[in-house]
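Biologist: I am new to this structure and should like to understand the reasoning behind its description. May we look at the model together?

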Amino acid sequence: MDMKVIEVANLRKRYGDHVAVDDVSFAVAEGEIFGVLGPNGAGKTTTVECVAGLRTPSGGTIRVGGHDPVGDRAAVRRILGVQLQSAALPDKIKVWEALDLFASFYPDPADWRALLDTVGLSAKRNTPFAKLSGGQRQRLSVALALVGRPRVAVLDELTTGLDPQARRDTWDLVERVRADGVTIVLVTHFMEEAERLCDRVALISSGRVVALDTPDALIGGAGAAQRVRFRPSAPVEEALLLAVPGVTGVVRNGEQVTVTGSGDLAPAVTLALAERRIVPAGLHIERATLEDVFLSLTGRSLT
Amino acid sequence: MSKILLVEARLHLRDGASLLFTIALPLMLLVFLGRAAGPAFPALMVMLSVLTLSFTVLPTVLATYRHQGVLRRMSTTPVSPLRVLAVQLLINLVVAVVSTGLLMAFGPGLPRNLPGFLLVFVLGTAALMAMGLVIAALAPNGKAAPTIGSAVMFPLMFVSGMWVPREYLPEVVRVIGDYSVAGPFARALGDTWVGQAPHLPHLLVLAVGLVVSGALAVRVFRWE
């Protein structure tokens, strides 16, 4: 089995009468990008704040590298680098000063000059925090989370509020960080981001994990329909298509045929057509998204 | 520790407005008005600097740091945000000392009762900064902090005789002033400046103010 670097079992956190996290369990393996996906208010941030030792759970157990984040704060803070959703820096601190300062907090820090290069902020090293754009702030925030050479980086709502280009740049950065061997816990409410980056995803709704698997397995799994649309080069019988494993329905609209189903739908359908020497022209595959999965599991939208 | 101190000190030096009000303004008032304003006037300027630091500069920085999540961010590192608090107190104390030093250098020289002055200065500055910490804890953000701080500071200046000499104040205001920490601070600084010993009741009010405000600050201070 993979080495589990984070283990959360039956986590519960309540504030007075309000239950923010009801029952959350998951384990993060060394080296993976693990997604915590859910709508705003689902309890994602509270969960990772408990993991980071910023909040004391009302119930359940958490282990980070074998340590309890509350009982053994010091050990967990050395293992974990955290980028928080709403944590800024003083307006007038310069980029290099922030990195130099945070590097001084750790016993064996990374070379922050190289890190500045990795996050693409070398040209901004003398810029005060207040003058950075949203994307630059997020990249600095990632650099600060990495400056202590953490085994795990927790990145909370990393791309919220960024324009599409800055978002893609940030995704590239996350992939590069993982390539360097850092395990990543990515908290997000963007299904596209989770699909693109995460090896495994925990879908969270109302303080509970409703599903946990790879994005592909979640999308291919129960209830998440796919659609394959094409114009056959020769007439095709419905029975032929319905016999294909995974197919649940066939609809004709003039020349166009739409097949719905699950699993490896597109390859299965095209293979069955090829056996009859039929070419599917204008082939169009509509895959379900994590958004659809979430909707089918909870009856609620992610956003 | 040294790096936090270095960075926070640099940030403080980049705040021109704070330097203007805590160092330049008291000094200019002393240089331009000092001769006419009486022998204890430098002591009032020392208090002006300490009050401004305690009630506007310190609470603004700390409330901003809390509101923007600077303290929260630090609490995810192996270093406690308590260090930021300690460093901020130290920096504000150093600024008060520098301001006081300049007032002596450009004014009429050293206080006549230097040991007494130093005792009063340390005790009173500690008490007022503890009050500033309470304001930092109660202010919802960095914008509200100087407003709340000023709302406390200006009445304190009034009852302690900074605007109108104490002897012209109505009896009730004088009594309030005598228990206001700022009032005894002003009088004890003035007394020691002109060579007298500080009065014991003044020192007692400062000490009680320090203990009460300090305990309150510890109770109400929030990191996020």
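Modeller: This is a predicted model. In chain A, strand S10 (residues 226–232) and strand S12 (residues 256–261) pair in the antiparallel sense over 5 bridges.

Biologist: What makes S10 and S12 of chain A a pair?

Modeller: Two strands pair if at least two bridges are found between them, and S10(A) and S12(A) have 5 bridges. The bridge partner of Val228(A), for instance, is Val259(A) in S12(A).

Biologist: Which element packs on the sheet, and which strands are touched?

Modeller: Helix H10 (residues 265–275) of chain A packs there, touching S10, S12 and S13 of chain A. The direction of H10(A) makes about 25° with that of S10(A).

Biologist: What is the order of the strands in this open sheet?

Modeller: The 4 strands of chain A run in the order S11-S12-S10-S13, with antiparallel pairing. Strand S11 (247–253) and strand S13 (280–286) of chain A are called edge strands because each pairs on one side only. From one strand to the next, the twist averages 20°.

Biologist: Turning to chain B, how do you know that the length of helix H3 (residues 41–68) agrees with its number of residues?

Modeller: At 1.5 Å a residue, the 28 residues of H3(B) should span 40 Å; the end C-alpha atoms are 39 Å apart, which agrees.

Biologist: Why is H3(B) called mostly covered?

Modeller: A residue is buried if 20 or more other C-beta atoms lie within 10 Å of its own. In H3(B), 26 of the 28 residues are buried, so the helix is called mostly covered. Gly69(B), with a positive phi near 90°, follows H3(B).

Note on methods. Residues numbered from 1 in each chain as written. Chains lettered and ligands numbered in written order. Predicted model: local features only at pLDDT ≥ 70, side-chain atom pairs only at ≥ 80, totals over all residues. Helix = DSSP H or I, 4+ residues; strand = E, 2+ residues; numbered from the N terminus. Expected span 1.5 Å × (residues − 1). Buried ≥ 20, exposed ≤ 12 C-beta atoms within 10 Å, placed from the backbone. Axes fitted to C-alpha atoms, helices over the stretch in contact; angles between N-to-C directions. Contact = placed C-beta atoms within 7 Å.
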